[in-house]
Amino acid sequence: MDRTNLTLTIAAALFAAILIGWGLRWVYNLLNPPSPPAPVADSEWAEYAKSCEAERDVAQARVEEVERSLSNQLTQAQAELTAAMEGLGDARREAGALRDQLDQLSASG
């Protein structure tokens with residue numbers, strides 16, 4: 001065997017070894033699929049739930065605060081309306097009395 005044949009034989013053997021190794025690795029991957037990802041720890045979910053509950057509590061407190069504020073504003077507006085209506089009624093009665101006095105003065109004079 002001369003030098004060229006020996007080189008070709010060694011090259012073919014190395015190529016065959018690479019192909020066999022690749023084939024065995026492919027079979028190994030088929031038989032052993034990758035493990036599933038690690039599940040999220042319960043403590044992380046608990047922290048997430050607690051943060052969501054805290055945000056909900058803050059939002060509920062804000063809603064209650066806004067409701068109280070609007071209720072107070074409505075009560076004040078109703079009180080002002082009642083006072084304005086009473087003042088308007090008093091002014092109408094006073095204007096009617098003045099009109100009656102003016103009519104009596106006009107009639108007598």
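Which residue forms a salt bridge with R93? In this predicted model, the partner of R93 is D90, and the closest N and O atoms of the pair are 2.5 Å apart. Both R93 and D90 belong to helix α2, where three residues, about one turn of the helix, separate them. R93 counts as exposed because its relative accessibility, 55%, is over 50%. D90, with a relative accessible area of 43%, is partly exposed.

Side chains of opposite charge can pair when their charged atoms come close. A search of the whole structure finds three salt bridges, among them the pair of R93 and D90. Another salt bridge joins R62 to E65, with 3.5 Å between the closest N and O atoms. R62 and E65 also lie in helix α2, three residues apart, which is about one turn of the helix. E65 has a relative accessibility of 43% and therefore counts as partly exposed.

R56 forms a salt bridge with D57, and here the closest N and O atoms are 3.1 Å apart. For R56 the relative accessibility is 44%, so this residue counts as partly exposed. D57, at 40%, likewise counts as partly exposed.

Helix α2 spans residues 42–108 and includes Q104. Q104 has a relative accessibility of 56%, which is over 50%, so Q104 counts as exposed. Between Q104 and G23 there are 81 residues of separation in sequence, and their C-alpha atoms are 124 Å apart in space.

Note on methods
Residues numbered from 1 in each chain as written. Predicted model: local features only at pLDDT ≥ 70, side-chain atom pairs only at ≥ 80, totals over all residues. Heavy atoms only, no water. Helix = DSSP H or I, 4+ residues; strand = E, 2+ residues; numbered from the N terminus. Buried < 20%, exposed > 50% of the residue type's maximum accessible area, 1.4 Å probe, protein only. Salt bridge = Lys/Arg side-chain N within 4 Å of Asp/Glu carboxyl O.
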